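Have the structure open as you read.

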Amino acid sequence: MPSTNPTSTIIYKTLIALKAGNAIIFSPHPNAKQCSFRALEIVKKAALEAGAPEGIVDGVTLLTLEATKELMHSKDVSLILATGGEGMVRAAYASGTPTISGGPGNGPAFIERSADIKKAVSDIITSKTFDNGVICASEQSIIVERCIYNEVHRELLAQGAYFMNDEEAAKVASMLLRANGTINPAVVGKDAIYLSQRAGFTVPANTRVLIALQDTVSPKNPYSREKLCPILGMYIEEDWQSACHRVVQLLTNEGLGHTLVIHTQNEDVIRQFSLEKPVNRILINTPAALGGIGATTNITPALTLGCGAVGGGSSSDNVGR
């Protein structure tokens with residue numbers, strides 16, 4: 001289980017497991033031990049009161065990698081629902097037990113010239129600040145056509161974005177990743193004010209997201225990767241074709257099979273993006289964090305979002321009831 005949304009994961013996975021006639025055993029993340037155990041108490045009590053047998057919902061109490069590995073290899077486990085980091089997901093598939101997994105997001109948000117810019121910016125900031133950016137479907141970067149950049153820039157400022165200068169962006173970049181290239185847990189789910197203070201600079205009190213202008217994509221550039229906090233990379237492209245190329249770069253860097261969002265009124269652009277993008281969720285004119293889980297779209301409501309074969313998973317679906 002992930003440390004980023006442990007309580008909702010326990011509640012949701014309990015619901016889909018019991019509705020399918022299965023018992024479920026959780027292995028919580030040690031960094032979310034207390035809230036996970038409390039959530040387990042609540043769902044266990046609810047299940048018993050509804051007439052479910054004792055033990056149909058439970059969790060391991062020894063929160064170690066060895067305990068999780070033992071659980072995944074148990075002959076009594078028929079299916080693993082793996083939600084968390086890439087290492088844990090790989091271990092689940094390697095266990096030999098059938099597995100359905102979520103995967104890392106790195107969703108780009110493309111604002112095309114025909115978009116309703118005020119609404120597009122509102123959707124992106126609403127999504128990225130929801131739960132301080134820990135939802136895997138939330139936007140990780142903005143791609144904008146140069147011809148509308150000034151207008152987008154003004155609207156972002158008006159809605160609480162802060163554009164970091166090069167020095168500030170470098171300070172923030174230095175704390176986003178650990179030495180092994182994985183995201184730093186100390187920044188996950190923190191708000192923009194806290195993150196700027198931790199990096200050593202101040203921002204206006206109404207700041208909601210931090211933005212860094214970028215022109216490169218690589219595993220070593222944290223602004224081109226998943227950031228589970230209200231920080232966005234921003235890329236300026238000449239037209240939708242070059243924006244399309246940038247989106248593929250970003251998704252290939254991280255987030256294959258997951259999600260992207262397009263803000264546009266141009267159906268031809270939507271069609272071309274749909275044909276070329278290596279993702280299973282293409283959202284149109286909606287906040288990605290909410291659209292990806294089915295709250296504002298016709299996608300199956302779910303909190304486990306499969307990335308399919310292209311993303312190293314067994315399912316491309318929203319894993320629902």
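Predicted model: local features only at pLDDT ≥ 70, side-chain atom pairs only at ≥ 80, totals over all residues.

Take cysteine 35 to see why. The closest cysteine sulfur to its own belongs to cysteine 136, and at 17 Å that is too far for a bond, since a disulfide needs the two sulfurs within 2.5 Å. Cysteine 35 itself is partly exposed, at 33% relative accessible area. Cysteine 147 isn't in a disulfide either: look for the nearest cysteine sulfur and you end up 16 Å away, at cysteine 244. With a relative accessibility of 51%, cysteine 147 counts as exposed.

Now for the strand. Find residues 107-111, which make up strand 5. Five of its five residues are buried, so strand 5 is largely enclosed by the rest of the structure. In a regular strand, side chains alternate between the two faces of the sheet. Here both faces are covered: one side carries Gly107, Ala109 and Ile111, the other Pro108 and Phe110, and all of them are buried.

What about the neighbours? Strand 5 runs parallel to strand 6 (residues 139-145), and five bridges join the two. Alanine 109, for instance, has isoleucine 142 of strand 6 as its bridge partner. To get from strand 5 to strand 6, the chain passes through helix 5 (residues 117-129), making a right-handed β-α-β crossover. Strand 5 also pairs with strand 10 (residues 257-263), again in the parallel sense, over three bridges. There, phenylalanine 110 stands opposite isoleucine 262.

Methods. Residues numbered from 1 in each chain as written. Heavy atoms only, no water. Buried < 20%, exposed > 50% of the residue type's maximum accessible area, 1.4 Å probe, protein only. Helix = DSSP H or I, 4+ residues; strand = E, 2+ residues; numbered from the N terminus. Pairing = 2+ DSSP bridges. Right-handed = clockwise from strand over helix to strand, strands pointing away.
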